[in-house]
Amino acid sequence: MNGRTPDGGVPCMLMRGGTSKGAYFLAPDLPDDPAERDDLLLRIMGTPDPRQIDGIGGAHPLTSKVAVVSPSERPGVDVDYLFLQLGVDEPTVSDRQNCGNLLAGVGPFAVERGLVRAGRDRTSVRIRMVNSGGVATATFPTPGRAAGYGGATAISGVPGTAAPVDLAFEDTAGSATGALLPTGNVRDVVDGVEVTCVDNGMPVVVAAAGDLGVTGYESVPGLAADERLRERVQSLRLQAGALMGLGDVAGASVPKTTLVAPPRDGGLICTRTFIPLRVHASIGVLGAVSVATAVLMDGAVGHDLARLPPPGEAMGVEHPAGRLDVRVEFDGTSIRTAGVVRTARKLFDGTVFPRPAGVPRPADPQGGPDGPRP
Ligand code: NQM
């Protein structure tokens with residue numbers, strides 16, 4: 001039984017999850033067939049179109065995201081969360097990565113939709129991240145047994161404050177590649193640049209900013225305008241992706257590339273991240289967990305640039321909008337715990353109407369409001 005309306009509407013909740021924004025759906029409200037589902041989601045988001053003008057996407061990879069949530073059949077787990085990254089100007093839908101930011105909204109969404117009964121003041125929801133098989137526990141306030149979004153927690157990259165969502169991860173190592181160090185080495189040389197390829201929730205290629213001719217403190221527009229740097233990052237990630245066992249990653253959203261530099265704001269390390277070629281406005285959650293894990297390792301790129309906080313203190317991963325504090329306990333061979341605090345907010349709940357199937361798209365040479373493209 002799905003909640004779709006006779007005129008093609010689909011029940012949808014728009015939420016901010018951490019520093020990202022996405023459309024949250026109950027799985028039964030979307031087609032079971034992945035190809036049909038993806039086609040519907042592209043038409044909902046308004047992809048492909050750099051402005052996503054005919055859909056609800058926000059014209060950036062960080063706002064062109066989808067969470068599909070369903071009750072879990074796994075013992076000890078409440079809900080399954082499938083993350084889908086939709087392209088903006090390319091008609092792509094990828095399930096090859098996780099998203100720790102949208103994850104922040106999954107617990108409150110599960111309560112809103114009645115999949116999980118809220119506790120009296122706080123609720124913990126055990127979430128299986130379908131993309132990687134890992135499990136996360138989200139704990140958040142539920143005053144009056146309802147999801148509560150107001151609170152005093154600030155996160156860099158989001159104005160104001162909101163209720164904290166504590167995320168504790170299990171089994172993040174090797175999320176997409178099967179190994180914490182997917183090339184089998186703590187350091188590799190690609191294109192003459194030393195890199196550490198790591199996957200503690202997100203496959204990331206870590207390189208020293210200085211080795212790519214930048215400081216690592218540039219602004220997002222400054223890095224975005226650097227065509228030559230983008231080409232070098234693409235070349236690095238294509239080769240590193242193959243070494244990481246990810247195959248041809250030309251059209252894939254992973255691996256990400258993070259350039260690291262010494263911290264300037266009391267944190268562990270300073271970062272600038274490419275997702276995979278757009279410059280991230282801050283840094284992804286699991287991306288930050290992976291980078292922090294890498295720089296904790298002896299011999300890894302960035303290890304000598306990092307400043308370790310006193311034991312027990314959160315590690316600040318500095319990024320263009322501030323810092324993301326992560327908890328990572330790494331004993332030299334395996335990860336003991338990993339977690340972050342995020343916030344999330346319900347923005348809109350209702351029915352979304354997809355662009356009809358088969359309507360010419362702006363990117364079609366014959367179609368779109370601007371007519372044939374040159
Ligand atoms: O790394 C962006 C984001 C992400 C992913 C990306 C994320 C994560 O900021 O867990 O959250 O790396 O494409 O939402």
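Helices (H or I, at least four residues) and strands (E, at least two) are DSSP runs, numbered from the N terminus. The model is predicted: local features need pLDDT of at least 70 and side-chain atom pairs pLDDT 80 or more, whereas totals for chains, interfaces and linings use all residues. Residue numbers run from 1 along each chain as its sequence is written, and side-chain values use heavy atoms, without hydrogens or water.

**Figure 1. The chain contains 5 helices and 16 strands.** Its radius of gyration, taken over C-alpha atoms, is 20 Å, close to the 21 Å from the globule rule for 374 residues, so the chain is as compact as a globular protein of that length. The rule is 2.2 Å times the number of residues to the power 0.38.

**Figure 2. The shell around the ligand comprises 15 residues.** Ser20, Lys65, Gly100, His280 and Leu286 come nearest. The shell divides into 6 nonpolar, 7 polar and 2 charged residues.

**Figure 3. Oxygen atoms of the ligand form polar contacts (pairs of N or O atoms within 3.5 Å) with Lys65, Gly100 and Leu286.** For Lys65, a side-chain N or O atom lies 2.7 Å from a ligand oxygen. Gly100 contributes a polar backbone atom at 2.6 Å, and Leu286 a backbone N or O atom at 2.7 Å. Taken alone, the ligand exposes 350 Å², of which the protein buries 98% (Shrake-Rupley method, 1.4 Å probe).

Definitions and conventions. A residue is near a molecule or strand if one of its heavy atoms lies within 4 Å of it. A polar contact is a pair of N or O atoms within 3.5 Å; within protein, one must be able to donate a hydrogen and the other to accept it, and residues adjacent in sequence count only if both atoms are side-chain atoms. Ala, Val, Leu, Ile, Met, Phe, Trp, Tyr, Cys and Pro count as nonpolar, Asp, Glu, Lys and Arg as charged, and the others, Gly among them, as polar.
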